[in-house]
Amino acid sequence: MKLLYLTIVLAPLIGSFFAGFLGNILGRKATHSITILGVLISTVLSFYAFNYHVLEGNDAFNQNIYTWLAFGDLSISVGFLVDNLTAVMLVVVSFVSLMVHIYTIGYMHDDDGYTKFFSYISLFTFAMFMLVMSNNFMQLFFGWEAVGLVSYLLIGFWHHKESAVEANLKAFLVNRVGDLGFLLGIALVLMYFNTLDYVQVFNNLNNIAGITIVDDWSLVTAICILLFIGAMGKSAQVPLHVWLPGSMEGPTPISALIHAATMVTAGIFMVSRMSPLFELSETALMFVMIIGAITALFMGLLGIVQNDIKRVVAYSTLSQLGYMTVALGVSAYSVAIFHLMTHAFFKALLFLAAGSVIVAMHHEQDIRKMGGLKSKMPITYWTSLIGTLALIGFPGFAGFYSKDMIIEAVRYSQLPYADWVYIAVIAGVFITAFYSFRMFFMVFHGQSRVDKHTESHLHESPWSITIPLIALAIPSAFIGFYTIEPMLFTGWLESAIIIDPSHASMEILKSNFISALELISHSIVTWPFWMMFLGVITAWVFSLYRTEWADWIKNKFKGLNYILESLYGFDRLNEIFFVNGFKRLGEFFWKVTDAGFIDKTLVNGSAKLAGFFGSLIRPIQTGFVYHYAFFMILSLLFILTWVLYSGENPLLGLPF
Amino acid sequence: MISLSDYLILSSIIFCIGLVGIFINRKNIITLLMCVELILAAVNTNFIAFSHFLGNEAGQIFVFFILTVAAAEVAIGLAILTLMFRNRGSIDIDITSSLKG
């Protein structure tokens, strides 16, 4: 099995090397064949691993492969821990990655950076595998940073666009803030456990119960919150979410792969992996839940006022990540992973469909300039309909099961403020339905607002784009129905996730669950269903039936509109407080510390001091030989006199 | 019999003549060189006198070295002097103060 896992990880890496270093020699066709082959191998083997671990129920694989570094009695290894949780992630990551690789052939075909792009996405796949298969914190951190690096490279892929360069810098910097927390969390783990291996840490949890650090902060809470700050950066939770909408500057395939389906869910995966740790701290769980609820509700609201097709989907991603985080907070880790999985499929689908529309529209992204595309692009239309229905949680589709379970889990949670969070996630359903269908109607239905020139070229995208759409539409529609029961209730993830008995949400969910079919029929009497229904109706009214009403509301509630369009002012706050603050701080260090103290005082100061003493002695040096001779003789006289009349006299023994 | 102190007095006189020549000479570099030779001669006298009266030949060998060095020094000094005269048109001491700090 060790060889198999190594192959899963290394196949995309080798593909990436070929594409990156030999891409220009090999040509486009060979490049995409090699990288796709690499990912295909990983995908097939991932499905095999999934079958081996999850379906056949074999034991988890946990083995160190290679000693990365060793100092003192600490050694850090590269190792793989493949259990059911990892196997699920492997399947999701490799499948979506494969689809995106294929899609890229069509999407990037007229781009100069074709081979470079393939190299990057394969490298990303490698890094993501390293992250999910890691068996220790250090390798997790390696994967964490590596996916961040590739994300940075890909957001700024079109580096001639200034906005893309700004966006990738922003993504990189915001992620560093999260990483600081993450690294501190890892440092605390290392300090108190003296190991970074997951299993060893989880086995020694009793040792740290009750330890407090700084003022009465429980150590577990501190570790959990610090680790979660890392997750907040990567999984774009408020207030570290600001980079994700900007990441839409990158090409659409990576928005689908990195900024919707896989990388941004790394935080969710990490918290699930750390479930034994998080279960020990009620405070940390509450923190997680509240941050998630804020993200789910308020980021969804922003989706309503966006007009860029990719940004709407980006805000929807933020909101859905918020849902997953809420699920983590209420100890429903398996539900979070379940939603992660369904979301990966339908959100990748939505992004790729958006990309298909963008290609057809000649890189026009404003939904106000679209409309009536239904008849022109039937495959894109039907697949995005499936994706949108899955996103809003229409009964029967994948998102319905996962989202419904999250909402139910919150309802049964005993944590403080869980009732408020319940209201937030219910309201979130309405908002999700509203913005999703608003976009859907504006793009595909109603009057065409496309300009004449573009309209004459409008046609369905080529096979390399439609095949991934169809391949992703199938799981988006059905995967929830088929996997809800084994994944949540009959133990696919049980061995990987530990839940404290006092957090009873999952237990109650389990006892209430009858069958996937029953959930559909029951949904008609639940709040989420009607909120969703209301959302779709509202979207229809505002974007198709009475478009002038939307403008009327916009004018009536100028203040609210302003708040939403300025994105709650997070960007401005960051600009004023952090950017300008650091600029000031930098200026202080530059002008006062560097230019003032180091340059003026230390460097020039010591030279000036030497110069000053020099100027004191300089008058003696007249340049006249007789002056020098005079001084020499005077000095000689002085020294001789001193030698003669001071104690030991070497001349005294002479015979004269 | 000439005693050691006679030699020493003589060399002191020669030394002082050389020294004073350096101090009060404001005119000519050749004079300066001659004064340096006088000083060296005084030292040589001392060496030979001590060598003789102490019965140690090392002093006389020293004198040979000093004579050689002095000869070389004069040769170089005169060469510099010639060049200086060619470049500046004068060997006046008062104008040779370009090393003034």
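Helices here are DSSP runs of H or I with at least four residues, strands are runs of E with at least two, and both are numbered from the N terminus. With that in hand, select E408(A): this residue sits in helix α18 of chain A, residues 398–411. Before going on, know that this is a predicted model, where local features need pLDDT of at least 70, side-chain atom pairs count only at pLDDT 80 or more, and totals for chains, interfaces and linings use all residues. Residues are numbered from 1 along each chain as its sequence is written, chains are lettered from A and ligands numbered from 1 in the order in which they are written, and side-chain values use heavy atoms, with hydrogens and water left out.

Is E408(A) buried or exposed? Buried means under 20% relative accessible area, exposed means over 50%, and partly exposed lies in between (1.4 Å probe, protein chains only). E408(A) has a relative accessible area of 14%, so the residue is buried.

**Zoom out to chain A**

You'll be looking at 28 helices and four strands. The C-alpha atoms fill a box of roughly 130 × 65 × 55 Å along the principal axes. Of the 656 residues in chain A, 56% count as buried. Turn to contacts next (heavy atoms within 4.5 Å). Among those in chain A with a separation of 6 or more, 80% are between residues 24 or more positions apart.

**Two stops inside**

Pick helix α4 of chain A, residues 114–133. From first C-alpha to last, its 20 residues reach 29 Å, close to the 28 Å expected at 1.5 Å a residue; that expected span is 1.5 Å times one less than the number of residues. In α4(A), 18 of the 20 residues are buried.

Then jump to T325(A), in helix α15 (residues 309–329) of chain A. T325(A) counts as buried because its relative accessibility is 1%. Which residues does T325(A) contact, leaving aside neighbours within four places in sequence? Highlight F228(A), Q237(A), I268(A), V288(A), M289(A) and G292(A).

P239(A) is in the loop between α9 (219–234) and α10 (243–246) of chain A.

Next comes H363(A), in the loop between α16 (333–360) and α17 (378–392). H363(A) isn't a glycine, yet its phi is positive, near 60°. With a relative accessible area of 47%, H363(A) is partly exposed.

Y417(A) isn't a glycine either, and has a positive phi of about 70°. Find Y417(A) in the loop between α18 and α19 (418–444) of chain A. Y417(A) is partly exposed, at 49% relative accessible area.

**Last stop: where chain B meets chain A**

Colour the two chains separately. The contact takes 16 residues from chain B and 13 from chain A. About 1300 Å² is buried between the chains, with carbon and sulfur atoms giving 77% of that area; buried area is the accessible area (1.4 Å probe) lost on putting two parts together, summed over both. On the chain B side, the elements giving two or more residues are α1 (4–24) and α2 (29–54). α1(B) gives the most, with four residues.
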